[in-house]
Amino acid sequence: RRNPEKAQDDPIVDKVYGNDSLNQLFAQSDYILCSAPLTPETEKMIGKEQFDNAKKGAVFINVGRGPIVDEAALVDALQDGRLKGAGLDVTAVEPLPKDSPS
């Protein structure tokens, strides 16, 4: 969240992570759901650094916008087993080319 302090008193929220703590979020989460809008700040916001910090066996889900995620870094994380799986409602190029590993 851009302003994590806005959720500070929300009784149903245990922890809110800001953009500056994405690596911590990835390291502590079994499931990571990305629903961010595409803005200059969020383009390629999720990439190799975040997947390198991911908890072993985590699942990444993107229902936001495709260009937020570095898809090559996501594919690498899936292929080498850092991530257990991924669910993509969106991709940078839609529809995906037939030869896409995504």
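**Salt bridges, rings and strands**

Colleague: Is R82 buried or exposed?

Modeller: R82 is buried, with a relative accessible area of 18%, where buried means under 20%, exposed over 50% and partly exposed in between (1.4 Å probe, protein chains only). Please keep in mind that this is a predicted model, in which local features need pLDDT of at least 70 and side-chain atom pairs count only at pLDDT 80 or more, while totals for chains, interfaces and linings use all residues. Residues are numbered from 1 along each chain as its sequence is written, and side-chain values use heavy atoms, with hydrogens and water left out.

Colleague: OK, and how far apart are the closest N and O atoms of D52 and R82?

Modeller: They are 2.4 Å apart, and the two residues form a salt bridge, a term that requires a side-chain nitrogen of Lys or Arg within 4 Å of a carboxyl oxygen of Asp or Glu. Because D52 lies in helix 2 and R82 in the loop between helix 3 and strand 3, the pair ties together parts that are 30 residues apart in sequence. The helices (H or I, at least four residues) and strands (E, at least two) are DSSP runs, numbered from the N terminus.

Colleague: What about K48 and D52?

Modeller: Their side chains meet in a salt bridge as well, at 2.6 Å from N to O, and, being four residues apart in helix 2 (residues 48-52), they are separated by about one helical turn. K48 is exposed at 53% relative accessible area, whereas D52, at 39%, counts as partly exposed.

Colleague: And where does D80 come in?

Modeller: The side chain of D80 meets that of R82 in a salt bridge of 3.0 Å, N to O, and D80 counts as partly exposed at 46% relative accessibility.

Colleague: Switching to the aromatics, how many pairs does the structure hold?

Modeller: There are three aromatic pairs, counting rings of Phe, Tyr and Trp (its six-membered ring) whose centres lie within 6.5 Å, with planes under 30 degrees apart taken as stacked, over 60 as edge-to-face and the rest as tilted. One of them is F26 with F60, which is stacked at 6.1 Å centre to centre and 25° between the planes. This pair links distant parts of the chain, since F26 lies in helix 1 (residues 22-28) and F60 in strand 2, 34 residues apart.

Colleague: How do F51 and F60 pair?

Modeller: F51 and F60 are edge-to-face, 5.5 Å centre to centre with 90° between the planes. F51 counts as buried at 0% relative accessibility, and F60 likewise counts as buried at 0%. Ring pairs link F26, F51 and F60 into a cluster.

Colleague: Which strands does strand 2 pair with, and in what sense?

Modeller: Strand 1 (residues 31-34) pairs with strand 2 in the parallel sense over four bridges, and five bridges join strand 2 to strand 3 (residues 83-88), again running parallel; pairing here requires at least two DSSP bridges between the strands. Four of the five residues of strand 2 (residues 58-62) are buried, so this strand is largely enclosed by the rest of the structure.

Colleague: Last one, how confident is the predictor in the chain?

Modeller: The mean pLDDT of the protein chain is 91, and 94% of its residues reach 70 or more, pLDDT being the predictor's confidence in each residue, from 0 to 100. Among the elements, strand 1 has the lowest mean pLDDT (95) and strand 2 the highest (98).
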